Amino acid sequence: MKQRLAELVSESCDGQLTPAEVLAASVPLSYLGVTSLAQMRLIDAIEREFEVEIDLGGDVSFLDSVGGLADWLAAR
Amino acid sequence: MTATGTIGTIAFAGERSGDAPLTWGQRAIWEAIERTAPDDHYFNFGRVVRLGARPASVDGARWALARLVERHESLRTLVVDGRQRVRTCGELPVAVGDDPDVLLAELTAPAFDYAREWPLRVGLVTSGADVTHIVMVFCHLAADGLGAEEAVRDLRLLLLRGEPRGSRPPQPMDIAHWQQARDGRRVAAEAAAHWDREHRRIPQTMFDVPSGAGERPPIWRASLRSPAIDLAAQRLAVKHGTSTSNVLLTAVTAMVARTTGHETVAMLPIVSNRFRADTRGAVSTMSQEGLFTLDVRADVGKVRFGELLGLARPAALRAYRSAYHDPADRTRVLDEVARDRGMPVHPYCCFNDMRFADHAVYRDDVLIRRALAETSLTWPMSQEQLNCRFCVHLSGTMDVSVTADTRWLSRREMEEFLRGLEDLLVEAALR
């Protein structure tokens, strides 16, 4: 799951980060240059692939790491 | 100097014709055009494609332009009776001149005849037998800035290797059908809920005190050329783990709070709406306004800019999502809110980041301070009509302009706004 999420993050920022770099990240993804635009692409990619809807009304800090995303998906 | 003429037409023959409702993006521009007429040439914009070391022949340029119009249905779409009509075949007039800037200005100046004229005007700049530049002017119904970039990229590939990129691009007619179907309606409903919720709590409008200093004509643009803003925004973006776009949106919001005294600020950022896999790469007009709201509270000067950035990030994501909405829903929701609050509610306060790149580097103090000496302010435009009171545009590295209705914000206040924006960003960056 984390591997696939890292690939989606990498695709969303046009390969500016490799999946390996995403997985190794020790700071929030936004500090690595994942822009809001890339984050919006990532939201679309995750919603398509996992058939979920991401609610942006509440706490959205889980979007900022692969671990956070994986936990969020696991809790669905 | 002008030597503009015409050299016939380009014949094109695409794959299909059709008739569909306008897409949400087309509808948003169409409504803006109707409100702005007869000054609707305001929305025309163009690109000059320099061919540089690889000039084309006139026939080669004509061939590439024909393939471009065949590939992207938006470039052969008319708006008739409020619907999009895609035509298969036609002929596109070609202008010719010897100065790309003159050609661009001439092709951009007249408003489009939306029901009868192709939404793309082209011109060739020649030197002997060579075409050195291709000028393309877009009707805003056919493309927005990013859509035009897609068209330029395809044109370059057609000239260079005789074919565009591999995959078939998304077409506005298909996007319109998706938007009308179940999935599109679900996305629209979520966006409409955001517009509804926020309009029930924001101020009636942002610039609500007459300035007492209206000019004739009333609409003016002040433009600040400030490399220091660019450098400071980059440093803040790296420092706080965000994009320069978010930094600048937040800073403009803080300045609107400072200028107007409103503690809840509503801005309408123009959002690209190219996040989704089914819209990326489209030569179309996808951009729409989103609704960004931020509670700035208390005196902005005392709130740490970093804290404000932290609040702005999730607010920006919600705003970006709300931008992909059906304008008909927005109208309905705003009517309901107006009825319930007993007054129309509209921010009349928009933000358009037209830069294509957002790469931030941590800039050092000396560089930022030194750049302050390069700041200059100009007044490039004035006009009669604008369906807004306050519009901020960002371009390059960096020009920040305020186009405002002087009846609500005087020219002196416009200048103070821009200078204050620079101060806020530079101070926050160097803190």
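## Fold of chain A

Read from one end of the sequence to the other, chain A follows the pattern α-α-α-α, and its inventory in this predicted model is accordingly four helices and zero strands. The radius of gyration of chain A is 11 Å, close to the 11 Å that the globule rule gives for 76 residues, so chain A is as compact as a globular protein of that length. Taken along the principal axes, the C-alpha atoms of chain A fill a box of roughly 25 × 20 × 20 Å.

Of the 76 residues in chain A, 36% are buried. Among the contacts in chain A with a separation of 6 or more, 49% are between residues 24 or more positions apart.

## Helix packing in chain A

Two packed helices are described by the angle between their axes and the distance between the axes. In chain A, the axes of helix 1 (residues 2-12) and helix 3 (residues 36-50) come within 8 Å and cross at roughly 135 degrees, which makes helix 1 of chain A oblique to helix 3 of chain A. This crossing of helix 1 and helix 3 of chain A is right-handed. From helix 1 of chain A the contact draws on Leu8(A), Val9(A), Glu11(A) and Ser12(A), and from helix 3 of chain A on Ala38(A), Arg41(A), Leu42(A), Ala45(A), Ile46(A) and Glu49(A). By class, the residues of this contact between helix 1 and helix 3 of chain A divide into six nonpolar, one polar and three charged.

Helix 1 of chain A also packs with helix 4 (residues 66-74) of chain A, at an angle of about 120 degrees and with the axes 10 Å apart, which makes helix 1 of chain A oblique to helix 4 of chain A. The crossing of helix 1 and helix 4 of chain A is right-handed. Here Lys2(A), Leu5(A), Ala6(A) and Val9(A) in helix 1 of chain A meet Val66(A), Leu69(A) and Ala70(A) in helix 4 of chain A, and the residues of this contact divide into six nonpolar, no polar and one charged.

## Contact between the chains

Where the two chains meet, 13 residues of chain A are in contact with 15 residues of chain B. The side of chain A that touches chain B has six nonpolar, four polar and three charged residues.

## Fold of chain B

Chain B contains twelve helices and 17 strands. The radius of gyration of chain B is 22 Å, close to the 22 Å that the globule rule gives for 431 residues, so chain B is as compact as a globular protein of that length. The C-alpha trace of chain B spans about 65 × 50 × 45 Å along its principal axes. Buried residues make up 47% of the 431 residues in chain B, and residues 24 or more positions apart account for 82% of the contacts in chain B with a separation of 6 or more.

Within chain B, helix 8 (residues 244-260) and helix 9 (residues 305-323) pack at an angle of about 110 degrees, with their axes 10 Å apart, and helix 8 and helix 9 of chain B are therefore roughly perpendicular to each other. The contact involves Asn246(B), Val247(B), Leu249(B), Thr250(B) and Ala254(B) of helix 8 of chain B, together with Leu308(B), Leu309(B), Ala312(B), Arg313(B) and Ala316(B) of helix 9 of chain B. The residues of this contact divide into seven nonpolar, two polar and one charged.

## Backbone features in the loops of chain B

A cis peptide bond runs from Ala37(B) to Pro38(B), with omega near 10 degrees, and Pro38(B) lies in the loop between helix 1 (24-36) and strand 3 (45-50) of chain B. Another cis peptide bond joins Arg216(B) and Pro217(B), with omega about -5 degrees; Pro217(B) is found in the loop between helix 6 and strand 10 (219-225) of chain B.

Asp81(B), although not a glycine, has a positive phi of about 55 degrees, and its place is the loop between strand 5 (77-80) and strand 6 (83-86) of chain B. With 7 other C-beta atoms within 10 Å, Asp81(B) is exposed. Tyr348(B), also a residue other than glycine, has a positive phi near 45 degrees and sits in the loop between helix 10 (327-341) and strand 14 (349-353) of chain B. Tyr348(B) counts as buried, with 20 C-beta neighbours inside 10 Å.

Notes. Residues numbered from 1 in each chain as written. Chains lettered and ligands numbered in written order. Predicted model: local features only at pLDDT ≥ 70, side-chain atom pairs only at ≥ 80, totals over all residues. Axes fitted to C-alpha atoms, helices over the stretch in contact; angles between N-to-C directions. Helix = DSSP H or I, 4+ residues; strand = E, 2+ residues; numbered from the N terminus. Parallel < 35°, antiparallel > 145°, perpendicular 65-115°, else oblique. Left-handed = near helix turned anticlockwise from the far one by under 90°. Contact = placed C-beta atoms within 7 Å. Nonpolar A, V, L, I, M, F, W, Y, C, P; charged D, E, K, R; others polar. Rg over C-alpha atoms; globule rule 2.2 N^0.38 Å. Buried ≥ 20, exposed ≤ 12 C-beta atoms within 10 Å, placed from the backbone.
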